[in-house]
Amino acid sequence: MSESGIIQRKDLYLIWEQKHFNKISPYKEFIFDMLIHLDILSEQRRYDINTGSRLPVENFFVPCMLTQRNDTRFMTHECTPEKAISLAFVFKGTIIPPALPNRLISACLSMWAVKTYEGKQLLFSGFVGLSFDKAHDIVVCVEGNKILLYIVHETSNGLIVPDIATGIKECMFTTLERISEFYKSTVSSSSQKLPFHIEYACSRLECHITEEAALTTDEWICDKHKIVHTKDKWNIWNQDQTKEECEVECQGLNEDALNQIPSDIELQRFVSGCDEVTILELAIRLGMSFQEWEDLKKYYKIYNNVKYRILINWRENVLGNSGTSQKL
């Protein structure tokens with residue numbers, strides 16, 4: 001288990017059958033659930049690759065037993081400045097008590113599935129790689145007094161969805177806050193302040209600026225690379241998820257995003273808020289005749305299906321003609 005940190009429930013029960021554990025044996029179910037609640041044990045989530053449904057839990061992760069270091073090429077070949085963004089949770093002192101990142105990794109495993117890269121699960125001592133969706137991955141690793149968070153896109157960091165980045169950041173912050181409260185006597189004094197603060201990484205993922213300075217400074221030049229960063233760069237981590245419209249100064253999607261082929265889900269989201277007048281104007285703009293519009297309305301009784309079908313037809317037509325997508 002020291003290499004993988006993985007144990008099955010039946011194996012732990014087998015250990016508890018030894019005479020030294022006679023007194024706790026009647027309470028083994030409760031103790032097991034409590035170990036999960038405290039993130040000492042973590043469920044390893046697995047999903048059916050075809051249906052996406054969650055599979056029964058067979059393995060549990062014991063982070064404090066894991067000693068193997070990351071020996072894959074993921075950080076050098078995938079988690080690159082071209083594909084990733086990063087921030088750091090920086091703690092007081094020179095090192096972080098091992099119990100804290102261990103609990104964080106356990107908590108992460110209860111939320112997301114471990115990523116497999118080149119035949120290896122990205123689960124190592126002080127390091128975990130997680131799959132958020134087909135395009136986004138998450139990396140959490142410990143370096144000195146920092147817990148580094150990376151969000152990696154399969155092709156370009158310009159395509160990272162800001163709402164996803166913001167949601168992951170807030171989830172990690174809340175989890176660390178909860179864990180820090182639990183270990184407050186270990187990681188800090190009796191102060192009410194959090195024992196950590198956030199720092200954003202530069203475009204090369206190496207230099208860092210505190211969140212407070214980043215959000216109040218118009219421009220920041222990182223020390224090592226002398227790259228100028230405006231405070232707009234940090235917006236990806238701080239989206240207002242209650243807003244339904246962009247800010248006035250929003251520049252829209254970048255070229256990388258506009259050149260992608262939209263997925264079914266993206267098309268559904270795009271048309272979900274369109275009324276009949278808007279979708280008719282869009283259909284005509286995309287080359288549909290008024291008669292084709294009427295035919296679709298007759299064929300698809302549910303109006304949302306009509307809206308969705310218009311964009312599906314447009315996508316199929318474009319792909320059939322050129323193999324690439326046009327900008328909406």
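Predicted model: local features only at pLDDT ≥ 70, side-chain atom pairs only at ≥ 80, totals over all residues.

Q: In which sense do E10 and E11 pair, and over how many bridges?

A: Strand E10 (residues 136–143) pairs with E11 in the antiparallel sense, over eight bridges. As an instance, aspartate 137 has valine 152 of E11 as its bridge partner.

Q: Which strand do seven bridges join to E11?

A: That strand is E4 (residues 84–91), which runs antiparallel to E11. Here valine 90 has lysine 146 of E11 as its bridge partner.

Q: How many residues of strand E11 are buried?

A: In strand E11 (residues 146–153), seven of the eight residues are buried, so the strand is largely enclosed by the rest of the structure.

Q: How does one describe two packed helices?

A: The description uses the angle between their axes and the distance between the axes. In this model, helix H4 (residues 99–111) packs with helix H5 (residues 162–182) at an angle of about 135 degrees, and their axes are 10 Å apart. That angle makes H4 oblique to H5. The crossing of H4 and H5 is right-handed.

Q: Which residues make the contact between H4 and H5?

A: From H4, they include Leu100, Leu104 and Met111; from H5, Met172, Ile179 and Phe182 are among them. By class, the contact of H4 with H5 has ten nonpolar, two polar and two charged residues.

How values were computed. Residues numbered from 1 in each chain as written. Heavy atoms only, no water. Axes fitted to C-alpha atoms, helices over the stretch in contact; angles between N-to-C directions. Helix = DSSP H or I, 4+ residues; strand = E, 2+ residues; numbered from the N terminus. Parallel < 35°, antiparallel > 145°, perpendicular 65-115°, else oblique. Left-handed = near helix turned anticlockwise from the far one by under 90°. Contact = heavy atoms within 4.5 Å. Nonpolar A, V, L, I, M, F, W, Y, C, P; charged D, E, K, R; others polar. Buried < 20%, exposed > 50% of the residue type's maximum accessible area, 1.4 Å probe, protein only. Pairing = 2+ DSSP bridges.
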